[in-house]
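Have the viewer open and follow along.

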Amino acid sequence: PLLTDTEQRLVEHAARGEVLKLRVGGPDAGDLDRAGQWGPDRVLRGRVLEILLAGERDDWPLHHRGLWLLGARIDGPVNLSYATVDAPCGFGACVFTQPVTMTQATIKQLEMDGSRLPGLHAEGVDVAGGVLLRNGFTAIGGVWLFGAKIGADLDCSEATFTNEQGYALNAERVDVAGAVHLSDGFTATGGVRLFGAMMGGI
């Protein structure tokens, strides 16, 4: 796809393993409430993230330090199902307009601190490091980690998971090598399922 200026900056920062900071100033919860009003300098397409993280283009290299994005709105779905992401990725204080899907994907580390999205579908995902959904992370539509394998911690401190029609968190048969943190302000509206889960510590 023809890239916007912001998307081109993301590709360049990912090649260098540097954080692309699109937020101006410090943390501000009201800033995310206004995400629908953000201009093109803070907006990316989900398809661009898919191509970059899945390594679909040789001329878009992903540095071993990974992709790190702060304060962006991601429009459209992000579907990384069955993809291999050869580096960690982090989305801080980002707003996703459609669900993020990582079914059976392989990834080094996933951090989404303070981000908002309408559901995270990561059934069977294999994460070498941790899954960090903390510090104001909000999922309206639930978080699905059925059968996921996580090599470090699953940390959901100060997160809000909501799915009034079903499970807010479905982590049945999840295998977590580290600790699972569902405390320190963690809130779930809907069911929480941990049947058959294996955890290194709580």
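E50 and R47 sit 3 residues apart in helix α3, so about one helical turn separates them. This is a predicted model, where local features need pLDDT of at least 70, side-chain atom pairs count only at pLDDT 80 or more, and totals for chains, interfaces and linings use all residues. Numbering runs from 1 along each chain as its sequence is written, and side-chain values use heavy atoms, with hydrogens and water left out. Helices (H or I, at least four residues) and strands (E, at least two) are DSSP runs, numbered from the N terminus.

The side chains of E50 and R47 form a salt bridge, meaning a side-chain nitrogen of Lys or Arg within 4 Å of a carboxyl oxygen of Asp or Glu. Buried here is under 20% relative accessible area, exposed over 50%, and partly exposed in between (1.4 Å probe, protein chains only). E50 is buried at 11%, while R47 is partly exposed at 40%. Both also belong to a salt-bridge network with E56.

The structure has 10 salt bridges, including these:

| Pair | N to O distance |
|---|---|
| D31 and R42 | 3.0 Å |
| E50 and R47 | 2.9 Å |
| R193 and E172 | 2.7 Å |

R193 is in strand β22 and E172 in the loop between β20 and β21, so this pair ties together parts 21 residues apart in sequence. E172 is buried at 14%, and R193 is partly exposed at 27%. As for the other pair in the table, D31 and R42 are both buried.

Now for the greasy part. A nonpolar core is a set of buried Ala, Val, Leu, Ile, Met, Phe, Trp, Tyr and Cys residues joined through side-chain atoms within 4.5 Å. The largest one has 55 residues, and L67, L69, F91, F96 and F161 have the most contacts inside it. Elements supplying at least two residues each include α1, β3 and β20, but α3 gives the most, with 5. L67 touches L10, L49 and F91, among others (heavy atoms within 4.5 Å, skipping residues up to four places away in sequence). A second, separate core of 6 residues includes W38 and V95.

What lines the largest cavity? Its lining consists of M102, L110, L120, A122, V125, V127, V131 and L145. On a 1 Å grid over the protein atoms alone, a cavity is a set of points where a 1.4 Å probe fits but cannot get out, and lining residues have an atom within 4 Å of a point. About 30 Å³ of space lies in this cavity.

Key: 1 Å grid on protein atoms, 1.4 Å probe; cavity = no way out; pocket = protein on both sides within 12 Å on 5 of 7 lines; lining within 4 Å. Points joined across faces, edges and corners; volume = space filled by probe spheres on them.
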